[in-house]
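Biologist: Please take me through this model, and say for each term what stands behind it.

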There are 2 protein chains.
Amino acid sequence: MYQDPAELSDLDETEQITRAAWHYYNDGLTQNQIADMLGVSRIKVSRLLEKGRQSGLIELRINSSYGGCLIQQKELVEAFGLVDARVVPTAPDLPAAPRIGRAAASLLMQKLDPNDLLAIGWGEATTTTLRYMAPVFPQSNISIVSLTGGVSAYIGTTGLYGPQNNAHLIPTPLRVSSEDLAEMLRVEPYVRNVLDMAATARFGLIGVGAVTSAATLVRYGYCSAAEIELFKRRGAVGDVLGYFYDADGEILDLDLHRHVVAVRPDDLRKIPNVAAAAAGPHKIDAILGMLRGKLANILVTDEDTATELLRRHG
Amino acid sequence: MYQDPAELSDLDETEQITRAAWHYYNDGLTQNQIADMLGVSRIKVSRLLEKGRQSGLIELRINSSYGGCLIQQKELVEAFGLVDARVVPTAPDLPAAPRIGRAAASLLMQKLDPNDLLAIGWGEATTTTLRYMAPVFPQSNISIVSLTGGVSAYIGTTGLYGPQNNAHLIPTPLRVSSEDLAEMLRVEPYVRNVLDMAATARFGLIGVGAVTSAATLVRYGYCSAAEIELFKRRGAVGDVLGYFYDADGEILDLDLHRHVVAVRPDDLRKIPNVAAAAAGPHKIDAILGMLRGKLANILVTDEDTATELLRRHG
DNA sequence: GAGTAGGCCGATCATTTGCTCTATCCAAAT
DNA sequence: ATTTGGATAGAGCAAATGATCGGCCTACTC
């Protein structure tokens with residue numbers, strides 16, 4: 001039985017959220033009843049639950065075939081020789097990134113063991129995935145390591161602060177102005193070290209970029225719209241970690257690639273489980289190329305995208 | 001050959017539940033919006049969600065340390081040399097069995113791999129655990145095997161029907177009237193076969209019986225209240241699979257044990273992961289003895305019980 | 001030391017949700 | 001063909017929930 005309610009309200013917030021979530025979702029109690037048990041106001045319970053859902057502490061898991069009920073998952077695995085796949089139902093009016101981010105987070109949390117190392121790349125879906133996973137890292141002692149430079153900029157916003165989470169980031173921009181500088185940075189001991197570490201991770205998480213002037217790469221100022229146009233003419237259909245490839249997944253020979261500080265595609269392929277999170281009609285070509293180039297072997301996407309991928313491939 | 005319509009509509013419903021659950025819990029849509037998307041009535045969505053939660057298809061997982069936030073889990077693991085532990089918050093007015101059943105189901109679903117074999121014992125908590133896991137079995141192709149006779153009687157009520165779920169049950173009562181008959185049954189090829197299979201499972205799930213005249217063993221008519229009284233005088237504090245043990249976990253030398261058709265304690269200990277689900281003040285002694293006798297190495301219990309176990313042990 | 005910004009808390013109220021009761025439909029037995 | 005039982009869907013309603021707002025406290029700034 002619960003002791004003095006006052007004492008309980010002093011407890012860690014995570015603890016409170018956990019208790020509230022248990023009583024709410026597993027016991028089916030009302031927020032009022034929980035409020036009484038925990039010695040807080042009803043509205044507080046409502047907010048605790050909201051926070052738990054937002055932060056990813058409370059996760060919904062669907063226990064059906066392969067963990068999501070859509071047949072397409074199996075089809076994707078078979079068609080592209082993947083290790084696993086997740087397909088979320090399409091909801092036309094909702095932004096795709098947070099939705100597949102959640103699915104990717106769920107998949108990774110299921111697969112990662114304590115003390116594992118997770119290598120992360122670039123992109124919106126990657127960022128949201130990390131946000132949902134953030135509360136789990138410190139507790140299961142999972143470390144993350146970046147696959148590219150330029151990650152530090154946005155990682156701060158995801159709730160992964162400082163070294164207590166064992167985050168090893170490459171402390172360079174994603175792209176630098178000269179080939180020489182890029183090479184100097186790559187052989188700089190600390191950078192070298194992180195790059196090597198990334199290549200030895202057991203799990204990776206990457207986004208897939210489309211070749212559009214609206215791409216995240218452009219929005220963040222790493223590429224100009226003119227360059228994108230040029231790459232497109234050279235046959236580029238998408239990029240992974242800043243490396244552009246054609247429809248067959250062959251990495252193009254671009255100047256840009258010599259200016260990038262990131263794990264090379266060949267090393268990325270050495271990571272045994274690489275999950276790519278991407279969805280949307282404008283990414284179809286990019287995803288197809290990525291899959292053909294075997295840059296990832298786990299795909300997290302949405303229903304419409306999966307349908308289209310299978311149609312094009314078949 | 002044509003499809004089984006029941007199976008088809010089942011799949012259909014699973015799909016609907018999955019979609020509804022995604023939109024509801026992950027996308028934060030209202031039931032009305034989901035109803036419009038799926039083309040069903042709002043109330044139908046409400047019922048789909050309810051069904052999903054009830055059946056265990058929708059699981060709310062709490063992602064904090066070890067999957068439940070209580071420090072006691074770690075303390076239990078350390079104090080008793082366990083592999084893992086789950087502690088659920090106590091709710092004085094709610095029956096304990098379904099609550100720890102849910103937690104045990106969550107734990108097992110996390111640990112079991114596809115094609116695994118799960119050996120199950122006796123008891124209320126075991127039953128509810130199985131009910132929550134039922135929808136997962138066919139899809140991840142997990143087989144179950146019983147550790148004792150007398151299981152068939154109640155297994156039918158949990159939704160695990162027939163052989164399509166790879167359920168291998170010992171087709172005998174738990175207890176028979178003579179030593180000879182018990183021995184004959186044990187060496188009967190099919191029974192022998194199931195007993196051997198159970199002993200080779202990678203995971204086990206058992207309940208822990210208290211030595212009370214209100215015990216499940218008595219309620220189901222396997223023991224008389226008088227026998228219980230006798231066992232108690234002989235030093236019994238609890239039972240596992242129908243075998244009674246004393247406070248140190250030593251199996252007693254009772255006539256009853258020679259009349260029981262069940263995997264023997266020594267073989268139970270050979271299963272690398274045995275989860276025991278039990279809670280309540282009247283079970284403290286039984287659980288303590290069970291832990292000391294190393295009959296299980298994973299414990300699922302509630303907060304009050306954990307506190308008391310640690311206090312008594314420390 | 002005063003001001004101010006920001007976050008936390010609680011009250012009110014519209015919305016959402018699920019419970020209950022009734023009507024309907026399908027299926028099986030006669 | 002009819003009846004009957006059980007399951008399923010829908011309407012109305014009470015309860016539960018969460019969004020919005022104003023107040024309070026804290027902490028930081030000047």
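Biologist: At what angle do helix H16 (residues 284–292) of chain A and helix H17 (residues 303–313) of chain A pack, and how far apart are their axes?
Modeller: H16(A) and H17(A) pack at an angle of about 60°, and their axes are 10 Å apart. Axes are lines fitted to C-alpha atoms, for helices over the stretch in contact, and angles run from 0 to 180 degrees between N-to-C directions.

Biologist: Why is H16(A) called oblique to H17(A)?
Modeller: Under 35 degrees counts as roughly parallel, over 145 as roughly antiparallel, 65 to 115 as roughly perpendicular, and the rest as oblique. The angle here is about 60°, so H16(A) is oblique to H17(A).
The model is predicted: local features need pLDDT of at least 70 and side-chain atom pairs count only at pLDDT 80 or more, while totals for chains, interfaces and linings use all residues. Residues are numbered from 1 along each chain as its sequence is written, and chains are lettered from A and ligands numbered from 1 in the order in which they are written.

Biologist: How do you know what is a helix and what is a strand?
Modeller: Both are DSSP runs, numbered from the N terminus: helices are H or I with at least four residues, strands are E with at least two.

Biologist: What is the handedness of the crossing of H16(A) and H17(A), and which residues make the contact?
Modeller: The crossing is right-handed; that word applies if the near helix is turned clockwise from the far one by less than a right angle, and left-handed if anticlockwise. A:Ile284, A:Ile287 and A:Leu288 of H16(A) meet A:Thr305, A:Glu308, A:Leu309, A:Arg312 and A:His313 of H17(A). Residues are in contact if their C-beta atoms, placed from the backbone, lie within 7 Å.

Biologist: How do the residues of that contact divide by class?
Modeller: There are 4 nonpolar, 2 polar and 2 charged residues in the contact of H16(A) with H17(A). Ala, Val, Leu, Ile, Met, Phe, Trp, Tyr, Cys and Pro count as nonpolar, Asp, Glu, Lys and Arg as charged, and the others, Gly among them, as polar.

Biologist: What makes helix H9 (residues 179–187) and helix H10 (residues 189–199) of chain B roughly perpendicular?
Modeller: Their axes come within 5 Å and cross at roughly 75°. That value falls in the perpendicular range, and H9(B) and H10(B) are therefore roughly perpendicular to each other. B:Leu185, B:Arg186 and B:Val187 of H9(B) touch B:Val191, B:Arg192 and B:Leu195 of H10(B). By class, this contact has 4 nonpolar, no polar and 2 charged residues.

Biologist: Why are E7 and E9 of chain B said to stand at the edges of their sheet?
Modeller: The open sheet has 3 strands in the order E7-E8-E9 (chain B), with antiparallel pairing. Strands E7 (209–210) and E9 (243–245) of chain B each have a single partner strand, so one side of each is left without a neighbour in the sheet.

Biologist: How do you know that E7(B) pairs with strand E8 (residues 238–240) of chain B?
Modeller: Two strands pair if DSSP finds at least two bridges between them, and 2 bridges join E7(B) to E8(B). B:Ala210 stands opposite B:Gly238 in E8(B). Helix H15 (residues 284–292) of chain B packs on this sheet, touching E7, E8 and E9 of chain B, and its direction makes about 55° with that of E8(B).

Biologist: Which strands of chain A run parallel to strand E4 (residues 143–146)?
Modeller: Strand E3 (residues 117–120) of chain A is joined to E4(A) by 4 bridges in the parallel sense, with A:Leu118 partnered by A:Ile144. E4(A) also pairs in the parallel sense with strand E5 (residues 167–168) of chain A, over 2 bridges. There the partner of A:Ile144 is A:Ala167.

Biologist: How many residues does each chain bring to the contact between chains A and B?
Modeller: Chain B brings 35 residues and chain A 33 residues. H1(B) gives the most to the side of chain B that touches chain A, with 9 residues. That side divides into 16 nonpolar, 11 polar and 8 charged residues.

Biologist: What joins the E1 strands of the two chains?
Modeller: Strand E1 (residues 58–62) of chain A pairs with E1(B) in the antiparallel sense over 5 bridges. A:Ile58 stands opposite B:Ile62 in E1(B).

Biologist: What makes the relation of the two chains that of a two-fold axis?
Modeller: Copies are superposed by least squares on the C-alpha atoms of residues with pLDDT of at least 70 in both. A rotation of 179° with 0.1 Å of shift along its axis places chain B on chain A, with an RMSD of 0.1 Å. That is the relation of a two-fold axis. The same surface serves both copies, as 91% of the contact residues of chain B recur in chain A. Of the residues of chain B, B:Leu60 comes closest to the rotation axis, at 2.0 Å (C-alpha).

Definitions and conventions. Two residues are in contact if their C-beta atoms, placed from the backbone, lie within 7 Å.
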